[in-house]
Amino acid sequence: MSRPTPAVVGPAGDARAQLPEDARAGFDRLVHAVLSAPGAGRSPALGAVLRSQLPGTAGIRWLHAEGLAPTARASALTAAHWLSLHTAWLAHDQAPRPGSRSGGHGPRADSRHGHAPGAQAAPRWF
């Protein structure tokens, strides 16, 4: 049984109202991840928060494209920022990742001894 999500208020709530119904659950997950980032009692910098939400330098590139400093806080985001961040997050969420397993089944070792292809087990006398 899932817990009810708390109501999103402020600019994030305004952005959520503009989204279609089927996109709201993902948006809620993003908002929760950004607003409940570690740092109890204080709002962490968006640059640090986006490292866990967007791959590599995508978070910093997004901040730069939106004219925000990496030290900006989530409270500085407007509804347009939230919508843009959600679009960038969706692009990352659906993009294939190197080394990820598609459909839960990744590449299997082609050797019978369970090691990576080309690797050999250490001899017992080591």
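The model is predicted: local features need pLDDT of at least 70, side-chain atom pairs count only at pLDDT 80 or more, and totals for chains, interfaces and linings use all residues. Residues are numbered from 1 along each chain as its sequence is written, and side-chain values use heavy atoms, with hydrogens and water left out.

Let us start with the rings. A pair of aromatic rings is described by the distance of the centres and the angle of the planes. Rings of Phe, Tyr and Trp (its six-membered ring) pair if their centres lie within 6.5 Å; planes under 30 degrees apart count as stacked, over 60 as edge-to-face and the rest as tilted. Searching the whole structure turns up one aromatic pair. Its partners are F27 and W82, arranged edge-to-face, with 6.2 Å centre to centre and 75° between the planes. The pair links distant parts of the chain, 55 residues apart: F27 sits in helix α2 (residues 24-35) and W82 in helix α5 (residues 79-94). Helices here are DSSP runs (H or I, at least four residues), numbered from the N terminus.

Are these two residues buried or exposed? Buried means under 20% relative accessible area, exposed over 50%, and partly exposed in between (1.4 Å probe, protein chains only). F27 counts as buried because its relative accessibility is 0%, and W82 is buried too, with a relative accessible area of 3%.

Now follow α2 itself. Its twelve residues reach 16 Å from the first C-alpha to the last, close to the 16 Å expected at 1.5 Å a residue; the expected span is 1.5 Å times one less than the number of residues. The buried residues of α2 include G26, L30 and V34. L35 also lies in this helix, but at 52% relative accessibility L35 counts as exposed. Leaving aside neighbours within four places in sequence, L35 is in contact (heavy atoms within 4.5 Å) with A74 and W82.

Over in α5 we find H81, which counts as buried at 12% relative accessibility. H81 touches W62, E66, L68 and A76, not counting residues up to four places away in sequence.

W62 brings us to helix α4 (residues 58-65), where A58, G59, W62 and L63 are buried. They lie on the same side of α4 because they cover an arc of only 140° around the axis, taken from the directions from the helix axis to the C-beta atoms. On the other side of α4, R61, H64 and A65 are exposed. After α4 comes G67, with a positive phi near 75°.

Conventions: Helices (H or I, at least four residues) and strands (E, at least two) are DSSP runs, numbered from the N terminus.
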